[in-house]
Amino acid sequence: MPQRDDAVALDEHDPLAHFRDEFMASSSTAVYADGNSLGPPPRTATACVNALVDDWANALTGGWERWVDFPLEVGDRLGAACLGAAAGQVAVCDSTSVNLFKAVNAAIDGTDASRHELVVAIDEFPTDRYMLQSIASQRDLTYVMLDAKGIVDAVGASTAVVVLSAVNYRSGELLDVGAITERVNAAGAEVVWDLCHAVGVMPLELDAWGVRLAVGCTYKYLNAGPGAPAFVYVARADQQRLRQPLWGWFGQRDQFAMGLQYEPVPGIRSWLAGTPNIIGTALVDEGVAVIARAGIGAIREKSERLVAFATELARDVLVPRGWTVVTPGDAAGRGGHLAIARRDADAVCAALIARGLVIPDFRAPDVLRLGFSPLVTCYVDVYDAISSVATL
């Protein structure tokens, strides 16, 4: 069984260890193991916001000469650093839920009208299920929930759109995005990918995988802050074909002409709707810059090692105490967090937080999640977190 000295040695040889100093430290002494829910702020965040507020104060509306293209500029940098997306395919805007609404509706309209089923995994993140259910109700379509493992085989002539997460928010299971996309598209349906628990912690190759539509948030592994703007990816080849349903003035061809009729501007800009959150987008840019410096490949390597270390410890000290390791055992099949299950997981989670030991999170009905952010979490943190769980 690994010992704490082993964790110390791993930290001493960690090539990403110095990035920990690039983030603001919490005043809490508890191990933060919830980076897959909300990442900590980069140290540059305060200066970034202050500079932007100064710019706002001095330029006032003149600042829009610089800000009007900002959601697309940051989208390009996000695409290059994290998504495997060439320029002109990512917009930073709105929330994941709103972008999902846009993407699913566009996908429905992009398929044959005879297709009437919207399919989602039964254990998909709630907003994905609720949004799909809402759209099905609004458009008189059939809402279908299936086990994730059976979705691809179930796609047929009636399937219009499938919504899946690259990494499951509860179990941490990582799906084969490229293979699933190919099979769903070959069946004549569209798939919209939710990248919330994947972006910033592993390499994604959306262009190479043939993905057409994807959405995701920026406040987890991208560390952009609570409520930070989300992003939407639309493959260049499909931008003319897929038309999003929220027609706002930022997607209008001649935006400042204030015309009577809506005419979408060509390209990814048409996926903008209302005035974008510039301060929030600036913080996305700060988070992406740190990821770019570290390198998404190196981040994934450390993430795999952290989860492997946690899994080994969990099997040694937690399984004998009645816990079950939910996260897949194969590193290639899992994301950046460890999920363990026991009937009293909710009580354990509350006790860990109340005692100032660990800050994890709980997902009903019985899962305790330990989320490891590779640029912030060290191996000693993982050791101490598992050891603390073992005391309860």
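Reply: Happy to. Let's start from strand 5, which is joined to strand 6 (residues 190-194) by five bridges, the two strands running parallel. Please keep in mind that this is a predicted model. To find the pairing on your screen, look for Val-162, whose bridge partner in strand 6 is Val-191. Between these strands comes helix 8 (residues 177-186), and strand 5, helix 8 and strand 6 together make a right-handed β-α-β unit.

Strand 5 also pairs with strand 3 (residues 117-121): four bridges join them, and they too run parallel. Here Val-161 of strand 5 stands opposite Leu-118.

How buried is strand 5? Seven of its seven residues are buried, so the strand is largely enclosed by the rest of the structure.

Strand 5 has a part in a pocket as well. The second largest pocket holds about 300 Å³ of space. Its lining consists of 16 residues, and those nearest the centre are Asp-123, Ala-148, Lys-149, Glu-173 and Leu-175. Two elements, helix 7 (148-154) and strand 5 (159-165), each give two or more residues to that lining. Helix 7 gives the most, with three residues. Sorted by class, the lining has seven nonpolar, six charged and three polar residues.

Now for the loops that follow these strands. Phe-125 sits in the loop between strand 3 and helix 6 (126-139), while Tyr-169 sits in the loop between strand 5 and helix 8. Seven aromatic pairs are counted in the model, and Phe-125 with Tyr-169 is one of them: the ring centres are 5.1 Å apart and the planes stand at 85°, so the pair is edge-to-face, given that angles over 60 degrees fall in that class. The two residues are 44 residues apart, so to speak linking distant parts of the chain.

For another edge-to-face pair, turn to Trp-249 and Phe-250, with ring centres 5.2 Å apart and planes at 90°. Trp-249 is partly exposed at 34% relative accessibility, and Phe-250 is buried, with a relative accessible area of 1%. Both belong to one aromatic cluster, together with Trp-64, Trp-67 and Phe-256.

Note on methods:
Residues numbered from 1 in each chain as written. Predicted model: local features only at pLDDT ≥ 70, side-chain atom pairs only at ≥ 80, totals over all residues. Heavy atoms only, no water. 1 Å grid on protein atoms, 1.4 Å probe; cavity = no way out; pocket = protein on both sides within 12 Å on 5 of 7 lines; lining within 4 Å. Points joined across faces, edges and corners; volume = space filled by probe spheres on them. Nonpolar A, V, L, I, M, F, W, Y, C, P; charged D, E, K, R; others polar. Buried < 20%, exposed > 50% of the residue type's maximum accessible area, 1.4 Å probe, protein only. Pairing = 2+ DSSP bridges. Right-handed = clockwise from strand over helix to strand, strands pointing away. Phe/Tyr/Trp six-rings, centres within 6.5 Å; stacked < 30°, edge-to-face > 60°.
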